[in-house]
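Dear colleague,

Please find below the structure that I am handing over to you, followed by an account of what was found in it. I would be grateful if you read the account with the structure open beside it.

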Amino acid sequence: MPGYELFGAEERRQVQDVMETGILMRYGFDAARKGIWKSVELEKAICDRFGCSYAQLVSSGTAALTTALASLGIGYGDEVIMPAFTFVASFDAVLSVGGVPVLVDIDDTLTLSPDAVRKAITPKTKCVMPVHMCGSMSDIGALQEICKEHHLLLLEDACQSIGASYKGKYVGTIGDAGTFSFDFVKTMTCAEGGVVMTNNKDLFIKSDGYSDHGHDHAGVDRGADLHPFIGYNFRISELHAAIGLAQISRLDQVLTIQRRNHQHLQSMLSAIPEVSFRRIPDAAGDSCTFLSWFLPTESLTRAVVQELKAQSILAGNFYWFDNNWHYIRKWDHLKQGVTLNSLHPDLKKAVIHHANKDFSASDAIMGRCVSTAIGLLWTEDQLKEKGEKLVSVIKQVLSKQSVSA
Ligand SMILES: Cc1ncc(COP(=O)(O)O)c(C=O)c1O
């Protein structure tokens, strides 16, 4: 998800504006900052670009999820249904507000299975948190229906899918709240940063205060601000926001290149009948940061991954099934409920229970899946060479191993 691949003069110019005033903090110092308000400007640009009413910048995608959850009123003992394939930050955030991450199976969209969500609903369920993984989108229409039917909140973790949309609406702006990450490996980067997006004013006011020690930001004197509730420091800095402003101006270019390269690669892999692709609920809305493809069996997939490694061409191809960050199979710390400080015994019990359920339906999908990251700087020749090598390795493995193995 390589926003950093297109980086240069505009980023330097934006940062220089801040360096010239020396005001690195987003709040206060009104006279000294000489009209430079990069965070405010980026929040406005995000609202305009993605079509939401409010945006609250924070220090990371994890902070954005935590802020959104707290602002939605999720706390001790509340169950949040989320997928078993995500990044650890999604359950970290739920735990940090005292909630219970209820991990459930994914389907061939590589995101929350609506059927699994239905089965996981209990009287304690408060929120459904789909994660729009790898540049595409969850089955958000079906999830919205479920939330409506059961009066549940919908929080979209869209950290990995900046610029993806579903039926004309950008992911992250469809639910009660949504988040992006602007860390260094996201479609657009601030180096570190994140945002909470919402169309609900009350939620925005809460996010604004929660991410800055509960300040009400009602006046111009920070020292005189009231604190209607307790908050924390998840502030973004002006330097980070400045980089984000440069990056958001490149977003359309990034998406165009990703979509073109994705299409080329997909058409090359499509020539192999045994290769299938991730189901995309709205194909026109895919941001195309990755091409995610399947082989018929785990054994074939492992053999392809091994051969790519043997030929030193595995880089950029992700076999999430063995990845320590993204899939339940390797989250031993969660399965054992290992924390530095003590959790309430009921919470710990619930965490361990949900992390140790049967995820064989997800295993059957993830064991056969490889996601190929789409580069922005590939030349046509490099793209062709990458595709040809991938096709050649897959064919080589298929010629040696039976598909039913
Ligand atoms: C799905 C998902 N959620 C949340 C995050 C957290 O974002 P950050 O790294 O900005 O804290 C990430 C980061 O990779 C992510 O992939």
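A residue is called buried when its relative accessible area is under 20%. By that cut-off Cys-127, at 0% relative accessibility, counts as buried. Please bear in mind throughout that this is a predicted model.

The cysteines

How many disulfides does a search of the whole structure find? The search finds zero. Cys-127 is in no disulfide, and the nearest cysteine sulfur, which belongs to Cys-147, is 7.2 Å away. A disulfide requires a pair of cysteine sulfur atoms within 2.5 Å. For Cys-159, the closest cysteine sulfur is that of Cys-190, and because the distance is 12 Å, the two are too far apart for a bond. Cys-159 has 10% relative accessibility, so this residue also counts as buried.

The chain as a whole

The chain contains 14 helices and 13 strands. Its C-alpha atoms fill a box of roughly 75 × 55 × 40 Å along the principal axes. A compact globule of 405 residues would have a radius of gyration near 22 Å, and the chain agrees with this, at 22 Å. Of the 405 residues, 56% are buried. The chain exposes about 17,100 Å², of which carbon and sulfur atoms supply 55%. Among contacts between residues at least 6 apart in sequence, 69% join residues at least 24 apart.

The ligand

The ligand is surrounded by 16 residues, and the closest are Gly-61, Thr-62, Ser-181, Asp-183 and Lys-186. Helix H3 (61-71) and helix H4 (88-96) each supply at least two residues of this shell. The largest share, three residues, comes from H3.

- Asp-183: a polar side-chain atom lies 2.6 Å from a ligand oxygen.
- Ser-181: an N or O atom of the side chain is 2.7 Å from a ligand oxygen.
- Gln-160: an N or O atom of the side chain is 2.9 Å from a ligand oxygen.

On its own, the ligand has 390 Å² of accessible area, and the protein covers 92% of that area.

Helix H8

Is helix H8 (residues 238-248) mostly covered or mostly uncovered? The helix is mostly covered, with nine of its 11 residues buried. The buried residues include Glu-238, Ala-241, Gly-244 and Ile-248. Among the elements that cover the buried residues of H8 are helix H1 (9-21), helix H2 (38-50), strand S1 (54-58) and helix H9 (251-269). At the N-terminal end, H8 is capped by Ser-237, which has a side-chain oxygen 3.3 Å from the backbone nitrogen of Leu-239.

Gln-247 lies in H8. Why does Gln-247 count as buried? Its relative accessible area is 2%, and the cut-off for a buried residue is under 20%. A polar atom of the Gln-247 side chain lies 3.1 Å from the backbone oxygen of Leu-6. Leaving aside neighbours within four places in sequence, Gln-247 is in contact with Gly-3, Tyr-4, Leu-6, Phe-7, Glu-11, Thr-187, Met-188 and Thr-189.

Yours sincerely,
A colleague

Note on methods. Residues are numbered from 1 along each chain as its sequence is written. This is a predicted model: local features need pLDDT of at least 70, side-chain atom pairs count only at pLDDT 80 or more; totals for chains, interfaces and linings use all residues. Side-chain values use heavy atoms; hydrogens and water are left out. Buried means under 20% relative accessible area, exposed over 50%, partly exposed in between (1.4 Å probe, protein chains only). Helices (H or I, at least four residues) and strands (E, at least two) are DSSP runs, numbered from the N terminus. Contact means heavy atoms within 4.5 Å. A polar contact is a pair of N or O atoms within 3.5 Å; within protein, one must be able to donate a hydrogen and the other to accept it, and residues adjacent in sequence count only if both atoms are side-chain atoms. The radius of gyration is taken over C-alpha atoms; the globule rule is 2.2 Å times the number of residues to the power 0.38. Accessible areas come from the Shrake-Rupley method with a 1.4 Å probe; for residues, only the protein chains shown count as cover. A residue is near a molecule or strand if one of its heavy atoms lies within 4 Å of it.
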